[in-house]
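Student: I'd like to learn how to read a helix and its surroundings. Can you walk me through it?

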Amino acid sequence: MEERDRRALKEVLGEFLNERLERLILSSPAEKNGLQKVKIHPLLLRGELAFQAEEQRGAQAFHRNMDRDGAAAYVIEMLNGIMRQMELSSASGSVHALVSKKGKVTVKTKRKIAAAVPAAPALRPHNRKKRYVLEEGRPVPFLVDLGVMTKEGQVVRSRYDKFRQINRFLEFIEDILPKLDRSRENVIIDFGCGKSYLTFAMYYYLKELKGYPVRIIGLDLKKDVIARCNLLAERYGFDHLRFYPGDIASYEGVDQVDMVVTLHACDTATDYALYKAVKWGAKVILSVPCCQHELNGQMENEILAPLFSYGIIRERTAALFTDAIRAEILEGQGYRTQLLEFIDMEHTPKNILIRAVRQGEKKKNGEELKSVLQFLHGDLTLYRLFEEDGREKA
């Protein structure tokens with residue numbers, strides 16, 4: 001970027017970066033595999049005007065707070081080879097900046113006449129109250145019975161982490177709504193449902209709040225838990241929610257499934273759940289794996305041996321590698337797969353959610369996966385299941 005272009009941007013940002021700013025968006029990244037978009041808005045930070053940038057990278061968003069000069073410098077640097085477009089709207093006017101491939105900056109500014117400029121809006125505080133899918137203050141019967149809410153709809157303080165977890169899970173469900181069909185019944189299986197906080201939440205959100213025609217089946221090995229969950233489902237009038245004792249690997253109650261959910265299925269139980277989901281042709285898979293012991297017991301590598309000698313490093317590396325390999329296997333089966341943070345690391349290290357959405361086109365990664373497993377001396381169940389499938393078809 002030439003110095004005159006830098007000065008022009010600095011001048012216009014000096015005029016519009018204030019409490020009247022409504023939004024500033026940086027887009028059109030120069031590199032397609034990195035930063036995708038940045039949104040900037042003003043806020044009050046400890047009583048002072050500040051600006052927060054939200055950087056969108058893949059499925060994750062990162063935030064940073066800056067003062068006015070810092071925000072101006074940040075925007076200029078972003079437009080110097082990282083992003084190619086800026087759109088700014090303010091109560092005082094608008095600015096559109098475009099950077100050509102050769103680095104030339106074009107700035108177009110529209111100012112409102114003084115008489116038409118409204119008073120500056122009240123800035124939102126930095127620590128504003130978060131809006132949840134299931135709102136505080138509105139009692140939800142199953143959350144009351146499960147001890148998460150009081151009868152008045154207040155979240156029980158000791159159960160707040162569970163309340164946040166439920167809402168975080170529903171945010172993932174919200175993202176995949178376009179994959180569900182409103183014109184017919186969607187079959188959803190939740191394996192390892194346990195006490196079914198999330199199963200009830202999923203049904204309540206999809207059926208009661210959003211009006212989707214769904215039939216949800218909860219599976220768990222504990223018969224007493226299954227009996228209690230069925231009683232609760234009947235009490236709430238959840239007619240299309242039923243629980244059965246069983247294992248997803250051997251469950252044959254349906255021929256076709258639209259979505260499979262498996263949360264904290266231990267070790268290779270996750271692999272059998274993922275395999276069954278693919279065989280059913282599930283459009284969506286949501287899985288939070290747990291206790292990835294298989295690779296931990298197999299993993300050997302001469303180069304990495306000094307690092308693997310530390311137990312906690314070996315354990316966490318094996319868990320991360322296992323889930324990354326699972327994600328790649330699903331990609332090879334025609335799923336667009338993401339590894340997302342389910343809940344904060346401060347609550348549990350087992351916080352990765354595998355979200356896979358069927359898109360049809362299979363990623364040709366068989367040789368790469370084979371090389372990775374050879375490098376680690378690993379023989380993982382999910383890989384083996386699909387490998388055996390391939391041999392049978394041959």
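Student: Which exposed residues does helix 6 carry on the face turned away from its buried side?

Tutor: This is a predicted model, so keep that in mind. In general, an α-helix has 3.6 residues a turn, so residues three or four places apart point the same way. Here, the face turned away from the buried side of helix 6 carries Lys223, Asp224, Leu231, Glu234 and Arg235.

Student: And which residues of helix 6 are buried?

Tutor: Those are Val225, Ile226, Cys229, Asn230, Leu232, Ala233 and Tyr236. Look down the axis of helix 6 and its buried residues fall within an arc of 165°, so they line one face of the helix.

Student: What covers the buried residues of helix 6?

Tutor: The cover includes helix 3 (141–145), helix 5 (197–209), strand 9 (214–220) and strand 10 (241–245).

Student: Now salt bridges. How many does the structure hold?

Tutor: There are 18 salt bridges. In one of them, the side chains of aspartate 175 and arginine 355 meet at 3.0 Å, N to O. Aspartate 175 sits in helix 4 and arginine 355 in strand 14, so the pair ties together parts 180 residues apart in sequence.

Student: Is arginine 355 buried or exposed?

Tutor: Buried, at 8% relative accessible area, whereas aspartate 175 is partly exposed at 48%.

How values were computed
Residues are numbered from 1 along each chain as its sequence is written. This is a predicted model: local features need pLDDT of at least 70, side-chain atom pairs count only at pLDDT 80 or more; totals for chains, interfaces and linings use all residues. Side-chain values use heavy atoms; hydrogens and water are left out. Buried means under 20% relative accessible area, exposed over 50%, partly exposed in between (1.4 Å probe, protein chains only). Helices (H or I, at least four residues) and strands (E, at least two) are DSSP runs, numbered from the N terminus. The arc is that of the directions from the helix axis to the C-beta atoms. Contact means heavy atoms within 4.5 Å. A salt bridge is a side-chain nitrogen of Lys or Arg within 4 Å of a carboxyl oxygen of Asp or Glu.
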